[in-house]
Amino acid sequence: MGLSESQTERYSRHIILKDIGVEGQEKLLNGKVLIIGTGGLGSPAALYLAAAGVGTIGLVDGDTVDLSNLQRQIIHFTPDLERPKVESAAEKINQINPDVTVNSHNKFAKAENILGLVMEYDFVIDGTDNFPAKFLINDACVMAEKPYSHGGILKFDGQTLTYKPGSACLRCVFEDLPPKNTVPTCSQAGVLGAVAGMLGTIQTAEAIKYITGVGNLLENRMLTFNALAMEFMTINIKRNSGCPVCGTTPVITELQDYEQPVCDLIQKKNPME
Amino acid sequence: MKLLINGKTEPLKQTCISVSELLQVKNVEHPEAVSVQVNKEFVSRTDFDSTLLNDNDEVDFLYFMGGGTY
Ligand SMILES: [Zn+2]
């Protein structure tokens, strides 16, 4: 397809990277990434994917912008209060980069609609805030054989892994939703806004690496960090033959919506242990 | 005995310890919500009591972080 003169200039810092070059930039311009949740993780993901020139960005979120979101959901501005998040995010993406086509889905990902959404994209970013949605995204991506980035944050901690068909999935690590009552809510526990930015940009780098085919993805590895200690740790994980969705005899063969309080987290004493 | 817990060598007074006991010793608050790998293999939750750890075993605790803050 070839880059225009202004595209060559806009993406010059990508193009001079040996691993990306014109070819990689063209892959990005032809790439399609779905961001589920345009909040703390989805905001930086959307901004950096847009700036990077990812040609098609899908946004899925049924929420509107709330004052308490603005501490970390950096794609939304004060004048956007009460607006649908996908509308607010789409507007910013268009302003950053007119090369990008945005598909806005002003609804939450559910068992009935998620497969149709993920099928349209090359890569999926999980920017959701709750266990049911995270497991739904995992199950849908395993079933659709779609690579995706799992991300979770709480307080000063973040965790992420990248799934690709054949590698360990989220349920290989965490078989099922944690029992209720082991987990207070996110609004009770809080989260440092910058931690959302740190994790969301890691997820974005994974999406860009996948599309351009460079580097090593966080496959069969889980990255966790604690911003207080500013320690990063990668734990190698192995596909679990007993995994309920990708194991040898999967028990989850169709998608369903799970019930759990929104925005759960697990209290722990030793964040890096 | 010594265990390699999440990449760090940790000495323990015990000479023999199960996964369940280790979760207690390490003060893990919600062991029912933690996944455990021993020598890079996941241990099923139902086997936490019966799985005994040996000197120099690698143990990984993985905590689920559910937030993403829509
Ligand atoms: Zn699995």
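This is a predicted model: local features need pLDDT of at least 70, side-chain atom pairs count only at pLDDT 80 or more; totals for chains, interfaces and linings use all residues.
## A friendly tour of a two-chain model

A:K238 is partly exposed, with a relative accessible area of 40%.

Residues are numbered from 1 along each chain as its sequence is written, chains are lettered from A and ligands numbered from 1 in the order in which they are written, and side-chain values use heavy atoms, without hydrogens and water.

**Where the chains meet**

The side chain of A:K238 forms a salt bridge with that of B:E41, at 2.5 Å from N to O. A:K238 lies in the segment after β8 (231-236) of chain A and B:E41 in strand β5 of chain B, so this pair joins two chains. A salt bridge here is a side-chain nitrogen of Lys or Arg within 4 Å of a carboxyl oxygen of Asp or Glu. Helices (H or I, at least four residues) and strands (E, at least two) are DSSP runs, numbered from the N terminus.

A:I237 also belongs to the segment after β8 of chain A. Neighbours within four places in sequence aside, A:I237 is in contact with residues of chain A, including A:L161 and A:M222, and with B:Q37, B:F42 and B:L62. Contact means heavy atoms within 4.5 Å.

Here is how some of the residues on this tour compare with the accessibility scale:

| Residue | Relative accessible area | Class |
|---|---|---|
| A:I237 | 6% | buried |
| A:L192 | 38% | partly exposed |
| B:E41 | 42% | partly exposed |

Side chains of opposite charge can pair when their charged atoms come close. Over all chains, the count comes to 15 salt bridges. In one of them, A:D139 and A:R171 meet at 2.7 Å from N to O. This pair links distant parts of the chain, with A:D139 in helix α7 (residues 131-144) and A:R171 in helix α8 (residues 170-173) of chain A, 32 residues apart. Both A:D139 and A:R171 are buried.

Another salt bridge joins B:K26 and B:E10, whose closest N and O atoms are 2.5 Å apart. B:K26 sits in the loop between α1 (19-25) and β4 of chain B, and B:E10 in strand β2 of chain B, 16 residues apart. Both B:K26 and B:E10 are buried.

**The sheet of chain B**

In what order do the five strands of the open sheet in chain B run? The order is β2-β1-β7-β4-β5, with mixed pairing. Its edge strands, each pairing on one side only, are β2 (8-11) and β5 (41-42). Strands pair if DSSP finds at least two bridges between them. Strands β4 (residues 34-38) and β7 (residues 58-63) of chain B pair in the antiparallel sense over five bridges.

**An enclosed helix**

Nine of the 11 residues of helix α4 (residues 42-52) of chain A are buried, so this helix is largely enclosed by the rest of the structure. Among the buried residues are A:P44, A:L47 and A:L49. Helix α4 of chain A is followed by A:G53, whose phi is positive, near 85°.

Conventions
Buried means under 20% relative accessible area, exposed over 50%, partly exposed in between (1.4 Å probe, protein chains only).
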